[in-house]
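Morning, everyone. I have one structure to go through today, so please have it open while I talk.

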Amino acid sequence: MIVDLPSTTTAAVNRKMVELRERGGAVALGRVLTLVIVTDDGDPTEQAIEAANDASREHPCRVLVLARGIKRAAARLDAQIRVGGDAGASEVVVLRMYGPLADQGASVTVPLLLPDAPVVVWWPGEAPAVPADDPVGRLAQRRITDCAVARNPIKALAQRRASYAAGDTDLAWPRLTLWRGLLAAALDQPPHEDVTRVVVAGAADSPSTDLIAGWLAAKLDVPVTRNRADVEGGLESVRLVRRSGEVALARPDGKVGVLTQPGQPERRMALQRRPLRDCLSEELRRLDPDEIYQEALDALPRIRKGGGPARKITP
Amino acid sequence: MRSLTDEWTNPLRDPRDKRLPRIAGPCGLVIFGVTGDLSRKKLMPAVYDLANRGLLPPGFALVGFARRDWADQDFEEIVHESVRQYARTPFRETVWRQLAKGIRFVQGSFDDDDAFDRLAQCVHQLDEVRGTSGNHAFYLSIPPSAFPVVCKQLARAGLATQRGDQWRRVVIEKPFGHDLMSARELNAIVNDVFPEESVFRIDHYLGKETVQNILALRFANQLYEPIWNSNYVDHVQITMAEDVGVGGRAGYYDGIGAARDVIQNHLLQLLALTAIEEPVSFRPRELRGEKVKVLSATGLMEPLEQTTARGQYVAGWQGGQWVQGLLEEDGFAKDSKTETYAAITLEINTRRWAGVPWFLRTGKRLGRRVTEIAVMFKRAPHLPFDTTAAEELGQNALVVRVQPDEGVTTRFGSKVPGTSMEVRDVTMDFAYGHAFTESSPEAYERLLLDVLLGEPSLFPSNEEVELCWEILDPVLDFWESAGRPEPYPAGSWGPKSADQMLARTGRKWRRP
C-alpha cells in the first residue's frame, strides 16, 4: 500500500504510520534497524529503495529515504509511506525536502527513527567528504558509501581513507568478499608457503582493485603492485607469488573466475560482480566497526603503482 | 619445511574478519540414489544454491550414481530441471554452466563391481580434470538396507581410503536403524569403512535457522536462563504435526511408525537443545558432549500404559478434503499395527529438570502442519486479584515455532481494556523475516556445506543416535506387546488416549 502525504510534517507521518498499523494490520516484522538512504533529486532513488527492500527480507527494517529536492523553493516536506507488498519486509517512508529544508535532513530523520534500534545511513550517490561529520551521518552507527559511483572513484577512495571513522564502510568492500574468500580458501591448501609478492590488476578506475591490494598488503606484509588492466570495469586478477609458483585468481571476461596453482588443473567458477542488494545485505549483517576494512584503507599508500594499458576513458 | 608442531595459520584469515565466507576446499560430491525425491527436490537444488552464493570451491564436481541408463548429458538435464524447479536463488546461466561442467553420471547397480570401478575411475579423472584433489563426499540417499553393500563396494574400489591430506566422507540419512541393536549394527557397518569423524548423519531439523536459534535464545540472553529450570517450568511440549498421510510411502513407513520416524531423531534432538546445559564453547566436541550428557539423563516416565499414547488415522475430513485411513492406503496390510501418531512422556534426571515432564508427540494427518517447542511455565504462586478477575488467565508460555511461520511467541497475562480489572492471555510474536526469502540458506544447503567443510556440530554423533534408541526402545517393546493403536479421525489432533495422558497429570495439550 502506498499513502501520499503532500506538504506534511514528521508528526503527521508518525500518526499515519500508527494508524495504518492499527487499521490494516499492515505491520512490518520485528524490525532490527532503521536504514536512512540519502539521495539528491535526480539520483536513481527507486533502485536504492528496491535494494533496501530486498535486503529488508533478511534484516527487517524501517527505511527512510531522504530525497533532497531543489533548494530554490519554499520549505516543504512531501512524504510517501509504503507498507505491505510495496515495501518488502520493511516499511518505507520517502521524504522529499524542498527549499531550506533540503539541508536539514537530520531534523526530519530524528522523529522517525525506531526507538533503541541501530541506525544505518547509506549514500547511494555522491557521499559527503566526511561521512561521520555529516548531520545525518552523525545519527548513525554505520555509514555506507559507494566509491564506485563517485565522479572519480580512486580519489573518492583516498578521501574515504582520509576521513575514516569507526563505523564507516564502502560498497567497494563487500564487492570483494567472494574474491577474498576464494583467495583465503586457496591459501588454506598445502603447500603452506609464505607469499613473497603480490600483483593485482583491474580497471584504472576500480576502487575495489585498490582496496584488495590494500587488504593483501596489510595481511601479508609483502610488496603489492597494482596494475591497470584493459577490462570493462572492476577487478581483473590477483596473483600471489610463492616459492613454488603463483596462485592466481583471474576474471578476464568479468563473469568466470579461473584459479590456477602450480601443478594443479585450472579451476573455474562463476564470479560475477555482486548485485547491490547482496552487498547491502552483507553490510547490514554486522554493525560493529570493521577493523579489517580500516586496515585495508590504511595500507593503500604502501601499494606500488604498476603499469598496464593506457587509462581507459569510461563514460 | 616447518615442523609439524609449528602449526601454520593462514595470514588472510583473521577472527575479526567476519565477512570472509567459509568456502570449502577443493572437493566433489557423489550422490547415490539421484532419482529419489530428496535428491531432486533438496540436494541438487541445494548444490546449485551453494554455487550461486559462491560457497562451493572452484572446480566442484557432482557425480550421480543410479541404475538408469543415462549419459552425463541426461543426468545434467535432470539436475538442470530440478534446479529450475526447486532452487531458492535466481537462476544464473554463468553459475549453471560452470557447475554443469563438473557433472558426471555413473550407471550401475549396487552389487555391480564393474560400476564401482567405473565410479572410482570417474572420481580419479575429476581429480585430474577439475582439481577435486582427492576430496570426496558420498551422499547415501538410499534405503539403509543398501548401506552394507554400498559401503563394502566403496571400500573395495578404494574410494573410502584417504591418503595424506585428502578426505573421504560419507553422509547418511535417517532412519539410523529401527532399534538400539540395529543402530549398533548399522554404525558398525559404516564405521568399518569410514572412521566415525568421517560419518555425517543428516538430521535436517538441525540445519534449520530456528533450531539453531534455540541456542542463541537461551545462551545469548539474560532474560530466559534464570527461569529455564524446574523452579519455574511446569512442563514442556514438543510437537511435530503433519497434515499429510503416508500414502505412497508404505515401503518405508509400514512397520516403522511415527515414533521411530520422528521422535527418535527430530524430537529428541529438539529436546536435547532445549534442555542442555550451557556448553563452554560452540566447538563441535563441546556441544555434542553437552547433548550426550542430557540425553543420557533422559528416560521414560512410567507406567507406560499411562504415559504414552499411539494412534492410527482413519478416514475423515481433513481441511475440506475427504481422505482415506491408513489401512486403506496402498501397500499397507489390512491389519497393520503401524502407528501414525505417537506421544511419550520423558523426564530428565538432572538438578535443572527433575520433576518436569517432557511431552513429545508427532503424527500424520493431524489438524495442520506445525512443529514447535512450547515451554509452559508454572502459575504465579499468588494472584492479588479478585477470584473472577484472573479466571481466564492461563499459564505463561514461551513457544519456539520451528515451522512454518518461524519465530518465537511469548504468552502472558495482560489487562483487558475497560474500567474493571480483568486479566487474560495475550501473545507477543517475533517472526523471522527470512520466512519469505531466499537470502538465508535452506537446511540442506547449510548441512551440505558443513559436510564439505568437515564441520560436524550440526550432525548427531553415533553416541547420540544410540542414546536416543536407548530412550525409545522400552516404548517400542511395550507397544509391540500391547494390542493395536487407537484410531483417530484424519484432521483431528490425535487419539483420545493422548489427551487422557496429559489430563491424568492435570495438564492439556496446547493447540498448536
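Before the chain interface, one definition: two residues are in contact if their C-beta atoms, placed from the backbone, lie within 7 Å. And note that what you are looking at is a predicted model.

With that cut-off, 37 residues of chain A are in contact with 36 residues of chain B. Which elements of chain B give two or more residues to the side that touches chain A? They are helix 3, residues 93-100, helix 4, residues 113-129, and strand 17, residues 423-431. Helix 3 of chain B gives the most, with three residues. Sorted by class, the side of chain B that touches chain A has 14 nonpolar, twelve polar and ten charged residues.

Now chain A on its own. The domain assignment divides chain A into domain 1, 2-145, and domain 2, 175-305. Taken over C-alpha atoms, the centres of domain 1 and domain 2 of chain A are separated by 34 Å. As for the contact, twelve residues of domain 1 of chain A meet seven residues of domain 2 of chain A. On the domain 1 side, the elements of chain A that give two or more residues are helix 2, 45-56, and strand 7, 142-145. Helix 2 of chain A gives the most there, with four residues. By class, that side of domain 1 of chain A divides into seven nonpolar, two polar and three charged residues.

Next, the sheets of chain A. One is an open sheet of eight strands, in the order 1-4-5-3-2-6-7-8, with mixed pairing. From one strand to the next, the twist averages 20°. Inside this sheet, strand 3, residues 61-68, and strand 5, residues 91-98, of chain A pair in the parallel sense over seven bridges.

A:Ala250 has A:Val258 as its bridge partner in strand 13 of chain A.

Over to chain B. Its assignment gives domain 1, 28-173, and domain 2, 207-453 + 461-503. The centres of domain 1 and domain 2 of chain B, over C-alpha atoms, are separated by 34 Å. Twelve residues of domain 1 of chain B are in contact with eight residues of domain 2 of chain B. Helix 1, 37-52, and strand 5, 168-173, of chain B are the elements that give two or more residues to the domain 1 side. The largest share, six residues, comes from helix 1 of chain B. By class, this side of domain 1 of chain B has seven nonpolar, one polar and four charged residues.

How many of the eleven residues of helix 12 of chain B are buried? Ten of them are; B:Tyr444, B:Glu445 and B:Arg446 are among them. The buried residues of helix 12 of chain B pack against helix 1, strand 4, 136-140, strand 5 and strand 6, 199-202, of chain B. Just after helix 12 of chain B, B:Gly454 takes a positive phi of about 70°.Last, a helix pair in chain B. The axes of helix 9, residues 257-275, and helix 10, residues 284-296, of chain B come within 9 Å and cross at roughly 105°. Helix 9 and helix 10 of chain B are therefore roughly perpendicular to each other. B:Leu268, B:Ala272 and B:Ala275 of helix 9 meet B:Lys291, B:Val294 and B:Leu295 of helix 10 of chain B.

Definitions and conventions
Residues are numbered from 1 along each chain as its sequence is written. Chains are lettered from A and ligands numbered from 1 in the order in which they are written. This is a predicted model: local features need pLDDT of at least 70, side-chain atom pairs count only at pLDDT 80 or more; totals for chains, interfaces and linings use all residues. Ala, Val, Leu, Ile, Met, Phe, Trp, Tyr, Cys and Pro count as nonpolar, Asp, Glu, Lys and Arg as charged, and the others, Gly among them, as polar. Two strands pair if DSSP finds at least two bridges between them. Domain bounds come from an automatic or database domain assignment. Axes are lines fitted to C-alpha atoms, for helices over the stretch in contact, and angles run from 0 to 180 degrees between N-to-C directions. Angles under 35 degrees count as roughly parallel, over 145 as roughly antiparallel, 65 to 115 as roughly perpendicular and the rest as oblique. A residue is buried if 20 or more other C-beta atoms lie within 10 Å of its own, exposed if 12 or fewer, and partly exposed in between; C-beta atoms are placed from the backbone.
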